[in-house]
Amino acid sequence: MTKYAATALALSVVLALILACGESAPTEPSVTTIQRASPPVPVPAPADWIETGGTLEDLPPIEKGAELALLNGCTGCHSADGSKLTGPTWQGIFGSSERLEGGQSATVDAAYITESIREPGLKVVEGFGPTSAMPAFAPETLSDEDISAIIAYIESLQ
């Protein structure tokens with residue numbers, strides 16, 4: 001591989017990581033730290049679901065939420081094990097009070113999580129802003145039922 005091809009490949013990987021988290025490329029030279037995404041939390045699928053070739057809709061809510069989080073790129077920025085990534089960890093967050101940019105606080109409940117998925121820039125957890133790098137997910141991308149499953153998954157990570 002030539003030096004130019006290796007450089008192009010490395011730049012492509014960095015750009016893909018930035019775009020996956022919804023951040024725009026920097027306009028000025030800067031130092032970028034690339035963090036390894038936490039591996040998805042293994043959630044065994046029910047044996048009958050695998051054997052019958054079931055769909056995502058056939059999974060129980062927690063397992064469906066884990067799969068949706070993985071499929072929609074959530075696990076690239078939010079860990080399930082407490083490790084710090086681009087976004088707040090999901091471990092133990094449900095029911096907690098989080099300090100927000102600007103000094104306010106919010107209780108992490110179903111309404112807060114739904115709002116954060118639909119309009120992530122409204123309430124940004126302190127230390128992850130001042131603006132959110134998370135993209136908004138419209139109902140066409142994640143239905144209310146999908147969000148409920150993701151909430152069930154996050155709630156299970158206590």
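This report walks through the fold, a helix pair and a few single residues of one predicted model.

## The chain as a whole

Let's start with the overall layout. The protein chain contains five helices and two strands.

Of the 158 residues in the protein chain, 30% are buried.

## Where H4 meets H5

Now to a pair of helices you can pick out by number. Helix H4 covers residues 110–118 and helix H5 covers residues 144–156. In general, a packed pair of helices is described by the angle between the two axes and by the distance between them. Here the axes come within 10 Å and cross at roughly 120 degrees. An angle of 65 to 115 degrees would count as roughly perpendicular and one over 145 as roughly antiparallel, so H4 and H5 are oblique to each other. Their crossing is right-handed.

Which residues make this contact? From H4 come Ala-110, Ile-113, Thr-114, Ile-117 and Arg-118; from H5 come Asp-144, Ile-147, Ile-151 and Ile-154. By type, the residues of the contact of H4 with H5 split into six nonpolar, one polar and two charged.

## H3 and its buried residues

Helix H3 spans residues 61–71. Its buried residues are Lys-64, Gly-65, Ala-66, Leu-68 and Ala-69. What do these buried residues of H3 pack against? Their partner is H5, the helix that also meets H4.

Just beyond the end of H3 there is a backbone detail to check in your viewer: Gly-73 adopts a positive phi of about 80 degrees.

## Cys-77 in the loop

Further along, Cys-77 lies in the loop that runs between helix H3 and strand E1, the latter covering residues 97–99. Is Cys-77 buried or exposed? Its relative accessibility is 11%, and because the cut-off for buried is under 20%, Cys-77 counts as buried.

Cys-77 can also be placed relative to a residue from another part of the sequence. Met-134 is 57 residues away from Cys-77 along the chain, and the C-alpha atoms of the two are separated by 8.6 Å.

Technical notes:
Residues are numbered from 1 along each chain as its sequence is written. This is a predicted model: local features need pLDDT of at least 70, side-chain atom pairs count only at pLDDT 80 or more; totals for chains, interfaces and linings use all residues. Side-chain values use heavy atoms; hydrogens and water are left out. Axes are lines fitted to C-alpha atoms, for helices over the stretch in contact, and angles run from 0 to 180 degrees between N-to-C directions. Helices (H or I, at least four residues) and strands (E, at least two) are DSSP runs, numbered from the N terminus. Angles under 35 degrees count as roughly parallel, over 145 as roughly antiparallel, 65 to 115 as roughly perpendicular and the rest as oblique. A crossing is left-handed if the near helix is turned anticlockwise from the far one by less than a right angle, and right-handed if clockwise. Contact means heavy atoms within 4.5 Å. Ala, Val, Leu, Ile, Met, Phe, Trp, Tyr, Cys and Pro count as nonpolar, Asp, Glu, Lys and Arg as charged, and the others, Gly among them, as polar. Buried means under 20% relative accessible area, exposed over 50%, partly exposed in between (1.4 Å probe, protein chains only).
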